[in-house]
Amino acid sequence: MTIYTLTHILDASAQRYPDHPAMRCNGASMSYAQWHRRAGALAAALVEQGVRPGDRVGIYLNKSLETAVAIYGIWMAGAAYVPLDPLAPAARLIFALNDCGVRHLVTQNNKAAAVRELAGQSPLKHVIGIVQDQLPVPLQGLTWTEVNSAGGPMPKLRVTEQDLAYVMYTSGSTGTPKGLMHTHHSGLSYAQLSADLYDLRHEDILSNHSPLHFDMSTFDYFSGPLRGATTVIIPEAVTKLPASMSKLVQDERITVWYSVTTAIVQMVLRGALDKRDFSALRWLNYGGEPFPPAHLRSFMQRFPNVRVSNVYGPAEVNQCTFYHVDAPPDDDESIPIGEVWANSEGIVLGDDDQPVADGEIGELAVRTPTMMRGYWGRPDLNAKAFYLRSAYEHYQDSFYRTGDLMKRDSLGRLRFFGRKDRQVKTRGYRVELDEVENALGSQPEVGECAVYAVPDGEGSSLIEAAVIAKRDAVIDEAVLKAALAGRLPAYALPHAIRLMDDFPRTGTGKIDRRALRDLALSAPAKAEVS
Amino acid sequence: MREAIHSFIQAELLMGQNVALADGDELLLSGLVDSLGAVRLIAHIEDHLGMRIPPEDVVIENFQSVDAIVAYLAQRQTA
């Protein structure tokens, strides 16, 4: 069959490998045929509830087989999925539900209390996964058992590769998250390019480390299934304990691992790797942050048969470059970002928006079929996000501006030199410092504040803040942190808040955040010392 | 010991959030404790009990809840 939408991935693999295990999680398993049938039943239920092509349907699930059923079931109904962070505070979820108009939610019974908080504050009308009597009046519920035992007739839908497939929210510098719009075309292009590049095979067993609301999960839910492989969904709890994570790699006989760098560094440092058998593992892909060369060397020396690759690409483009690390790094020079992948072009732009000469630093912009269509409902951001290069009269090529500063080295490989703006990565999570600063600055007792990233000593960084109280106001750190926890995801919360009478300033009177960071490194704030 | 672990998690790892922590609660699943929190918790236990916890023991079975941690430590102290 011809595969031109993401939905076809499951149609094709269910036809070709019906009895092969497609997804495993926490001891439970689902074959491609079972997955296809369950997704079809969900689609029928969603259509019955009124979902129409183009609608956005929320997924609010912990790591489970249902996540996979939800994605493909929503697509079969012609809708786009909106993955919600199962651990985010209610205010953040309510924002996303309102922002892209989510009326239908796919969830699980133990989320009933959290879902009740969303009712009335969002357009939510229908909930799948929660029994009706657990829901307040405006919400209509349907349990998974009811979904699986139903399965009405499906209307003939005309979904094309140009249609919306998912809207993924990420930190926004103006204080609210922004929704990336990916189409079947961009998602499927990613699945095909990555499956080719990493030579995915039917026999492969993939790790799913990333939760659904992070773009890396698309490799495990799109690319693996495209080749009829097996994906092992790693429960949240396991991802937090490196020795449990490494044991899972061993016991599940994972062949292709893909995660944020932090997770692998933690396995190197605390994963009891000397006690683990990774003989099935053939490829380890990391992304999101640079890999400290010393830790990479240690991993590669222990597992010489595992191929290691650096993956790069903001969620806006899924992925756009690759670098295969051929040998353990013999010095501490950073690992290259590498080269732009197939069917794509990268240019490095200077401050004048013109391509720089090779060897000069500038912002990387890429055009690739894996690129998002834009940010949901944000013409302001969309006007700035793309670089348009005149191709023919009245016709322009569109490049995504990554915001990442790069240069090409003498071998033509891209190398990373930091951010153009105040976006940071903290242990694998992408956070706009301005969003945190916004949240902190809007607290009534805060006069002035600064939020900055401090190196964590393991190759990533932690977010910290410095605060000056308003005149006559008293700052209680616990109260402040609790207020922030109501607005921001846990990973974006400052690990330490330093109370100060004044900040170090630059000559022009601006807050000197570099000095604050240095202060944090030389004299950790109280909360850091446990 | 149970009290000490409990108060450390509440004060240091929950960062002052108003969360009632029960001894059987899933610390790691709930998002109450992240991977960095797990590292700090283990360092704290090692400091205060003067014992070393081998990396291979830092697994779900031993650290999923306050109950599990207490049971693991008791078994380790008598071993």
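In strand 22 of chain A, A:Phe416 is the bridge partner of A:Met406. Strands here are DSSP runs of E with at least two residues, helices are runs of H or I with at least four residues, and both are numbered from the N terminus. The structure is a predicted model, in which local features need pLDDT of at least 70, side-chain atom pairs count only at pLDDT 80 or more, and totals for chains, interfaces and linings use all residues. Residues are numbered from 1 along each chain as its sequence is written, while chains are lettered from A and ligands numbered from 1 in the order in which they are written.

The bridge between A:Met406 and A:Phe416 belongs to the pairing of strand 21 (residues 395–408) with strand 22 (residues 414–419) of chain A, which is antiparallel and extends over four bridges. Two strands are said to pair if DSSP finds at least two bridges between them. Five residues lie between the strands of this hairpin of chain A, and A:Gly412 takes a positive phi near 85° there.

Strand 25 of chain A is joined to strand 26 (residues 461–469) of chain A by nine bridges in the antiparallel sense, and A:Ile463 in strand 26 is the bridge partner of A:Ala453. Two residues are in contact if their C-beta atoms, placed from the backbone, lie within 7 Å.

Helix 3 (residues 65–76) of chain A has 12 residues, which at 1.5 Å a residue should span 16 Å; its end C-alpha atoms are 17 Å apart, which agrees. The expected span is 1.5 Å times one less than the number of residues. This helix of chain A is mostly covered, with 12 of its 12 residues buried; among them are A:Glu66, A:Tyr72 and A:Trp75. A residue is buried if 20 or more other C-beta atoms lie within 10 Å of its own, exposed if 12 or fewer, and partly exposed in between, with C-beta atoms placed from the backbone. After helix 3 of chain A comes A:Gly78, whose phi is positive, near 85°.

Chain A as a whole contains 16 helices and 27 strands. Its radius of gyration is 23 Å, close to the 24 Å that the globule rule gives for 530 residues, so chain A is as compact as a globular protein of that length. The radius is taken over C-alpha atoms, and the rule is 2.2 Å times the number of residues to the power 0.38. Of the 530 residues of chain A, 52% count as buried.

Chain B has four helices and zero strands, and buried residues make up 25% of its 79 residues. The contact between the chains takes 24 residues from chain A and 23 residues from chain B. Helix 15 of chain A gives the most to the side of chain A that touches chain B, with five residues.
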